[in-house]
Amino acid sequence: MIKGLFKKPKNDLEPSVAGRIDKPAEVNIPHELCTVCPGCKKSVFSSDLQENDCVCPNCGKHLRLNTRQRIHMIADPDSFREFWADMSGSDPLGFPDYEEKLRAAELASREAESVVTGTVRIGKNPAALFVMEPAFMMGSMGTVTGEKITRLFEYATEKGLPVVGFTASGGARMQEGMLSLMQMAKTSGAVKRFSDAGGFYLAVLTDPTTGGVTASFAMEADVIAAEPDALICFAGPRVIEQTIRQKLPPGLGRAESLLKNGFIDKIVPRREQKKFIARMLRAHRKD
Amino acid sequence: MNAKDHVAAARAKDRPTAAKYIKGIFDEFTELHGDRCFGDDPAMVGGVARLGQSYVTVIAQEKGTTTRERAGRNFGSAHPEGYRKALRLMKQAEKFGRPVITFVDTAGAFCGIGAEERGQGQAIASNLMEMMMLRVPVLAIFIGEGGSGGALGIAVADQVWMLENAFYSVISPEGCASILWKDPARAAEAAECLKLTAEDLTDLSVAEQIISEHEGNFEKTFAFLKEAIGSFIAEKQQIPVEELLRERYDKFRKIQ
């Protein structure tokens, strides 16, 4: 332990021990009860963080939220009905180690795939809902992900429901090869049919929304909101730096720069999302 | 041939680029420029072409041949304005009832600061949506590299044809190897796993037809394509539009 105190952090990503030294020595908190906010680097009680929808009470940083927490946050009590909950990923190409990765992702996220779909009421407004799960292989889009989203848009078209979608994704899932890429076209087709039938689609882009999801249904909504500071891009900052070998301007690919450049409608902090979504759903109700 | 050999052949410097196909297949071609929003992207070429008695709209990713031209065309990696030009010309084709023929040859949509700032993701997303319901026949021909979303951005089509050495992949074999195994040197192995060859993709129903390269005698390939595109147009124009759109939707819908 003593050794650690004198260790200089190698870079910004490695947490400095300095923050921890400030704490009164006698308060000995087990690690699991505390979370270090990646924004302000301060320790916060995990229970405080949970009560605050995983938004840091010190700096307002929006930490990643799992699908069930998100649904709980925006759905009217007991209004969520899940569809196709048992659909889980397979290994269509026989890709090395993919089966094991799928099982590990299931354990890590406690979800069967990277998206949860169903119907819900938000401020008394009925809607079809999809929520992507960043803890399942970084929300990457496998064939089941694409299939569930496509089915949801088809269902919403048939029932005349609006669609609310929360995106979080590293993009296409390479272990499913071209079958994954084809989900971009498939979901886009379903969104287009839904849109042509007069359906209202509201997307909330959360950290991170990248690659094939950005280049398909994330950017196809009628109203696009984003969480503060969320990374939203086609190519991630590291990929761009490697391609052009230049330092990137600060904030590139963050929600605030997308708002400035005209690619999203609004940045909506978590605590205002339910009200915002309910208001937009009400504005587009057909009955 | 292994997957890696197809990848190498598809990227070979002396391989004909889209310009040769356009010249070899169509009876005349008038290039049209610009996206009407920001600029004209030389990596994406488009215009009106004549094939016998029919007019079509041609969209093509062009890598260029000389070093200077390659650099000028950004090695065939289009910016958002390229995808928006493609969409403008496709909507124009729809208005005048012209079938759309696209030639795909790109390592991927460009990854850069300007591309992000001008909405690369949004540009591709709107092409996917609009192409799915474009009320004219659409044919995509993969002539070399088919790099992920950058290729798909002009390839939501009624049929996908692939030259025998062309490939189409969700990620480059090098990118896949470096992410999965932290070792870009294992690209050959990744190429195999990704199932990216014309043969793999016809098996997976991603592509409909493999086009022979006649052992490098591309003039023969162009002659074949001239005939084949003519038949494709004649056949698809018989089909009522609503049915054409339903078949296109179902073609992608069934991939799961």
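Colleague: Is G144(B) buried or exposed?

Modeller: This is a predicted model, so read every value as computed from predicted atoms. Buried means under 20% relative accessible area. G144(B) has 0% relative accessibility, so G144(B) counts as buried.

Colleague: Where in chain B is G144(B) found, and what does G144(B) touch?

Modeller: G144(B) is in strand β5, residues 138–147 of chain B. Leaving out residues up to four places away in sequence, G144(B) touches A10(B), R15(B), V104(B), D105(B), A166(B) and F167(B). For a distance, take I25(B): this residue and G144(B) are 119 residues apart in sequence, and their C-alpha atoms are 17 Å apart in space.

Colleague: What does an exposed case look like?

Modeller: Exposed means over 50% relative accessible area. K247(A) has 69%, so K247(A) counts as exposed. K247(A) sits in the loop between α9 (237–244) and α10 (255–260) of chain A. Beyond residues up to four places away in sequence, K247(A) touches E241(A) and I113(B). K247(A) is 16 residues from F263(A) in sequence and 23 Å from F263(A) in space, C-alpha to C-alpha.

Colleague: How many residues are in the largest nonpolar core?

Modeller: The general idea comes first. In soluble globular proteins, nonpolar side chains tend to be buried together. Here the largest nonpolar core has 136 residues. Those with the most contacts inside this core are F26(B), F103(B), Y168(B) and I229(B). Helix α7 of chain A, residues 177–196, gives the largest share of this core, nine residues. A second, separate core has 29 residues, including V44(A), L65(A), L129(A) and V131(A).

Colleague: How do I describe two packed helices?

Modeller: Two packed helices are described by the angle between their axes and the distance between the axes. In this structure, α6(A) and α7(A) pack at about 10°, with their axes 9 Å apart. That angle makes α6(A) roughly parallel to α7(A). The residues of this contact divide into seven nonpolar, six polar and three charged.

Colleague: Which helix holds T150(A), and what is T150(A) in contact with?

Modeller: T150(A) lies in helix α6 of chain A, residues 143–159. Leaving aside neighbours within four places in sequence, T150(A) is in contact with K186(A), T187(A), A190(A), Y249(B) and R253(B). T150(A) has 0% relative accessibility, so T150(A) counts as buried. Among the residues of α6(A) that meet α7(A) is T150(A), and K186(A), T187(A) and A190(A) are among those on the α7(A) side.

Colleague: At what angle do α1 and α9 of chain B pack?

Modeller: Helix α1 (residues 3–11) and helix α9 (residues 187–194) of chain B pack at about 100°, with their axes 8 Å apart. This makes α1(B) roughly perpendicular to α9(B). A3(B), K4(B) and V7(B) of α1(B) make the contact with A188(B), A191(B) and E192(B) of α9(B). By class, there are four nonpolar, no polar and two charged residues.

Colleague: Which residues of α8(B) are buried, and what covers them?

Modeller: In helix α8 of chain B, residues 173–181, the buried residues are P173(B), G175(B), C176(B), A177(B), L180(B) and W181(B). Their cover includes α5 (98–109) of chain A, together with α1 and α9 of chain B. After α8(B) comes K182(B), with a positive phi near 50°.

Colleague: How do I read chain B as a whole?

Modeller: Start with its elements: chain B has 12 helices and eight strands. Then compare the radius of gyration with the value for a compact globule. With 256 residues, that value would be near 18 Å, and chain B has 17 Å, which agrees. The C-alpha trace of chain B spans about 50 × 40 × 40 Å along its principal axes. Of the 256 residues, 60% count as buried. Of the contacts in chain B with a separation of 6 or more, 71% come from residues 24 or more positions apart.

How values were computed
Residues numbered from 1 in each chain as written. Chains lettered and ligands numbered in written order. Predicted model: local features only at pLDDT ≥ 70, side-chain atom pairs only at ≥ 80, totals over all residues. Heavy atoms only, no water. Core = buried A, V, L, I, M, F, W, Y, C linked by side-chain atoms within 4.5 Å. Buried < 20%, exposed > 50% of the residue type's maximum accessible area, 1.4 Å probe, protein only. Helix = DSSP H or I, 4+ residues; strand = E, 2+ residues; numbered from the N terminus. Axes fitted to C-alpha atoms, helices over the stretch in contact; angles between N-to-C directions. Parallel < 35°, antiparallel > 145°, perpendicular 65-115°, else oblique. Contact = heavy atoms within 4.5 Å. Nonpolar A, V, L, I, M, F, W, Y, C, P; charged D, E, K, R; others polar. Rg over C-alpha atoms; globule rule 2.2 N^0.38 Å.
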